[in-house]
Amino acid sequence: LNTLWMDNIERTRAGQRKIRRFIDWLVRVDTDSVTVANPYLLQLVKKCYLKLEATVSVIADVDSLNKVKFWEDLGADQITLSFMTVNRNFRLLSEIRKHTACRLQLIANSVCLYNNPFCLHNFLWTNHASKSRGIFQQPFLLYYTSLCNYYRFQEPYRFISSPWIRPEDIVYYEELGI
């Protein structure tokens with residue numbers, strides 16, 4: 001369920017039935033949690049599938065206390081914070097941790113470009129590529145991933161400046177409750 005865009009099928013009765021059938025199947029195969037980036041999907045899961053835990057996806061770009069509170073108020077059990085701007089911002093991490101009961105997690109091993117201008121495009125590209133219809137039925141080039149790789153190889157400092165978390169720093173995140 002980790003998608004930003006569903007072609008507005010969630011706005012139609014037929015689309016809602018299709019989504020419900022899929023989530024019903026997830027429950028039948030003993031899925032215990034889902035990852036969502038779409039507020040509608042979180043509300044649906046928390047209202048109709050009480051046994052499912054819901055984690056807010058990194059692609060929801062949760063990078064502020066206001067966004068954390070928004071998702072928490074919708075019923076999120078866990079929130080994956082934006083690795084682009086939050087991973088190394090200990091002041092913000094501390095503030096968020098202080099004001100939310102949600103479990104929080106970070107992507108520790110991201111090698112995306114620092115403040116990656118292609119990140120949202122890459123998420124949307126991948127979102128559309130996961131569809132079972134249209135032009136993406138053919139193999140395709142991961143354009144934005146390739147573009148990021150190009151920049152990293154042209155300017156190797158970009159590897160070091162990526163928002164990954166150093167293993168020796170994990171203790172600081174754990175002290176914050178993340």
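**Packing, pairs and surface features of the predicted model**

The model described here is predicted. Helix α2 spans residues 39–48, and its buried residues are Tyr40, Leu41, Leu42, Leu44 and Val45.

Ser162 counts as buried because its relative accessibility is 0%, and the cut-off for buried is under 20%. A polar atom of the Ser162 side chain lies 2.8 Å from the backbone oxygen of Arg158. Leaving aside residues up to four places away in sequence, Ser162 touches Arg88, Ser110, Val111, Cys112 and Tyr114. Arg158 takes part in a salt bridge as well. Its partner is Glu155, and the closest N and O atoms are 2.6 Å apart. Glu155 is partly exposed, with a relative accessible area of 29%.

Aromatic rings were examined next. The structure holds five aromatic pairs. One of them joins Phe90 and Tyr173, whose ring centres are 4.9 Å apart. The angle between the planes is 45°, and the pair is tilted. Phe90 belongs to helix α4 (residues 90–98) and Tyr173 to helix α8, so the pair ties together parts that are 83 residues apart in sequence. Phe90 is partly exposed, at a relative accessible area of 35%. Tyr173 is buried, at 5% relative accessibility.

Charged side chains were then considered. Side chains of opposite charge can pair when their charged atoms come close. Ten salt bridges are found in the whole structure. Among them is the bridge between Arg103 and Glu53, with an N to O distance of 2.7 Å. Arg103 lies in strand β4 (residues 103–105) and Glu53 in strand β2, so this pair ties together parts that are 50 residues apart in sequence. Arg103 has a relative accessible area of 39% and is therefore partly exposed. Glu53 is partly exposed too, at 34%.

The side chains of Glu95 and Lys98 meet at 3.9 Å, N to O. The cut-off for a salt bridge is 4 Å, so this pair counts. Both residues lie in helix α4 and are three residues apart, about one turn of the helix. An α-helix has 3.6 residues a turn, so residues three or four places apart point the same way. Glu95 is partly exposed, at 32% relative accessibility. Lys98 is exposed, at 61%. Elsewhere, salt bridges link Asp61, Asp63 and Lys67 into a network.

The surface also carries a nonpolar patch. Phe22, Trp25 and Val29 make this patch, which covers about 290 Å². Trp25 is in helix α1, which runs over residues 13–28. With a relative accessibility of 43%, Trp25 counts as partly exposed.

Backbone angles were the last feature examined. Most residues other than glycine have a negative phi. Asp7 has a phi of about 55° although it is not a glycine. This residue lies in the segment before α1. Asp7 is partly exposed, at 29% relative accessibility. For Asp30, which is not a glycine either, the positive phi is about 65°. Asp30 is placed in the loop between α1 and β1 (33–36). At 68% relative accessibility, Asp30 counts as exposed, because the cut-off for exposed is over 50%.

Definitions and conventions: Residues are numbered from 1 along each chain as its sequence is written. This is a predicted model: local features need pLDDT of at least 70, side-chain atom pairs count only at pLDDT 80 or more; totals for chains, interfaces and linings use all residues. Side-chain values use heavy atoms; hydrogens and water are left out. Patches are made of residues with over 30% relative accessible area and no salt bridge: like charges are joined within 9 Å, nonpolar side chains (Val, Leu, Ile, Met, Phe, Trp, Tyr) within 5 Å. Accessible areas come from the Shrake-Rupley method with a 1.4 Å probe; for residues, only the protein chains shown count as cover. Helices (H or I, at least four residues) and strands (E, at least two) are DSSP runs, numbered from the N terminus. Buried means under 20% relative accessible area, exposed over 50%, partly exposed in between (1.4 Å probe, protein chains only). A polar contact is a pair of N or O atoms within 3.5 Å; within protein, one must be able to donate a hydrogen and the other to accept it, and residues adjacent in sequence count only if both atoms are side-chain atoms. Contact means heavy atoms within 4.5 Å. Rings of Phe, Tyr and Trp (its six-membered ring) pair if their centres lie within 6.5 Å; planes under 30 degrees apart count as stacked, over 60 as edge-to-face and the rest as tilted.
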